[in-house]
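Work through these exercises with the structure open beside you. Try each task before you read its solution.

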Amino acid sequence: MHEMSLAEGILQLLEDAARREGFGKVRTVFLEIGRLSSVQPEAMAFCFDAVVRGSLAEGARLEIIDVPGTGHCLDCGRDTELDEVYDPCQHCGAVPVQVTGGTVMRVKELDVE
Amino acid sequence: MCTTCGCSEGETKIDGHEIGDRPRFSYAPKAKKVTAVTAAEAEKHGLPPISHSHAPGVPQSRRVQIEQDILAKNDAYARENRAFLTGRRVFALNLVSSPGSGKTTLLVKTIEALKGKAAVAVIEGDQQTSQDAERIRATGAPAIQINTGKGCHLDAHMVGHAIHQIDPAERSLLMIENVGNLVCPAAFDLGEAHKVVVLSVTEGEDKPIKYPDMFRAASLMLLNKCDLLPHLDFDVELAIDYARRVNPAIEVIRVSAKTGEGMGDWLAWLERGSAKG
Ligand SMILES: Nc1nc2c(ncn2[C@@H]2O[C@H](COP(=O)(O)OP(=O)(O)O)[C@@H](O)[C@H]2O)c(=O)[nH]1
Ligand SMILES: [Mg+2]
Ligand SMILES: [Zn+2]
Ligand SMILES: [Zn+2]
């Protein structure tokens with residue numbers, strides 16, 4: 001499953017940060033997930049819980065920060081919202097729209113002890 | 001465990017050996033600056049206040065800024081691979097598709113067509129077995145098999161080990177056949193020059209909009225098994241239209257690994273790409 005390997009990537013980041021920063025336990029992970037990133041928040045939360053079991057982040061809360069999909073229309077020159085990468089411009093209906101945001105999958109910050 | 005980079009890769013095996021059995025070219029991960037934020041600093045930066053619990057026995061929590069992409073580690077390995085490959089002027093492609101669309105067959109035919117013209121090395125990714133690497137070796141080309149076990153995609157770290165082992169020649173072609181899966185491999189950069197997505201006409205025309213990330217990540221779509229078109233209702237134009245909807249820049253070549261149709265266009269594409277590198 002896609003989210004499983006991404007959750008493993010998150011755990012790696014946490015372990016690296018713990019070594020650098022000298023913390024032993026993660027309480028909360030703030031994770032930015034773009035709507036165009038093809039990550040399902042529910043699946044991510046499920047996989048995260050499974051992957052961190054027995055680690056420094058066991059039982060940690062996963063706060064998913066939803067980042068909307070945005071694009072720039074090359075036809076009418078306006079910015080538009082996107083639910084899918086291939087959505088038409090909401091102003092003039094043109095396709096394709098240049099994706100400008102919402103593909104992010106980033107660990108933003110942590111609450112640690 | 002890996003003696004060079006200290007990794008332990010769980011189930012991943014390269015030609016049947018655990019990944020750490022052989023050294024990899026050196027890789028020093030670049031530490032990213034991580035700032036621990038005190039309550040005062042948090043306030044200064046307009047961050048949410050840090051909750052202080054002074055109850056005895058309850059450890060105090062602090063907030064740590066990370067701002068790192070989930071795939072940061074993979075991307076660092078990918079950059080390392082890319083630097084190594086471009087340094088040697090190796091033209092590397094990452095072949096992705098659903099299982100059975102004809103990647104290995106296409107590779108075998110490509111190697112045969114390039115015999116005496118260009119050196120080709122292959123890295124094969126599958127969850128189990130080394131059958132595909134053996135199919136490639138039967139052509140005389142060097143091949144390395146990565147078995148990902150339960151893993152559903154290749155990542156830049158395991159591919160880095162395989163690159164070191166296969167030691168591609170200057171100005172050669174390196175073909176990386178990814179695990180058959182249209183989802184995860186889209187997200188994992190391996191250090192290739194291009195992703196090439198293979199779609200066979202026995203699959204649906206709507207694959208590009210069902211798996212948009214993969215078709216967006218690819219530079220070229222090979223529409224394979226075109227020899228079967230007379231027996232199918234597959235609408236070629238519709239499939240191409242869907243692919244261009246998610247990726248207006250994607251190039252498309254219709255091929256048949258079986259009859260050799262379109263192979264000339266594919267070989268010309270390879271030649272143009274290698275020349276640029
Ligand atoms: N008819 C036809 N069959 C093909 C073609 N290319 C591959 N195949 C068959 O498709 C099956 C899967 O091919 P394979 O190369 O193993 O696919 P992979 O899983 O993507 O590596 C095999 O039985 C091939 O013989 C083609 O162009 N035409
Ligand atoms: Mg294969
Ligand atoms: Zn518009
Ligand atoms: Zn290693």
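**Exercise 1.** In what order do the nine strands of the open sheet in chain B lie?

*Solution.* This is a predicted model. Go across the sheet strand by strand. The order is β2-β1-β7-β6-β8-β5-β9-β10-β11 in chain B. The pairing is mixed. Now look at the edges. They are β2 (17-18) and β11 (251-254) of chain B, and each pairs on one side only.

**Exercise 2.** Find which strands of chain B helix α5 touches.

*Solution.* Start with helix α5, residues 156-166 of chain B, which packs on the sheet. Then list its contacts: β1 (13-14), β6 (120-126), β7 (143-147) and β8 (173-177) of chain B. Last, take the direction. That of α5(B) makes about 155 degrees with that of β7(B).

**Exercise 3.** In what sense do β9 and β10 of chain B pair?

*Solution.* Locate β9 (residues 194-200) and β10 (residues 220-224) in chain B. They pair in the parallel sense, over five bridges. Check one position: V196(B) stands opposite L220(B) in β10(B).

**Exercise 4.** Describe the build of chain A, then compare its radius of gyration with the globule rule.

*Solution.* Count the elements: chain A has two helices and six strands. Along the sequence, they follow the pattern α-β-α-β-β-β-β-β. Next, compare. The radius of gyration of chain A is 17 Å, while the globule rule gives 13 Å for 113 residues. The value is well over the rule, so chain A is more spread out than a compact globule. Now the box: the C-alpha atoms of chain A fill roughly 50 × 25 × 15 Å along the principal axes. Finally, burial. Buried residues make up 50% of the 113 residues in chain A.

Conventions. Residues are numbered from 1 along each chain as its sequence is written. Chains are lettered from A and ligands numbered from 1 in the order in which they are written. This is a predicted model: local features need pLDDT of at least 70, side-chain atom pairs count only at pLDDT 80 or more; totals for chains, interfaces and linings use all residues. Side-chain values use heavy atoms; hydrogens and water are left out. Two strands pair if DSSP finds at least two bridges between them. Helices (H or I, at least four residues) and strands (E, at least two) are DSSP runs, numbered from the N terminus. Contact means heavy atoms within 4.5 Å. Axes are lines fitted to C-alpha atoms, for helices over the stretch in contact, and angles run from 0 to 180 degrees between N-to-C directions. The radius of gyration is taken over C-alpha atoms; the globule rule is 2.2 Å times the number of residues to the power 0.38. Buried means under 20% relative accessible area, exposed over 50%, partly exposed in between (1.4 Å probe, protein chains only).
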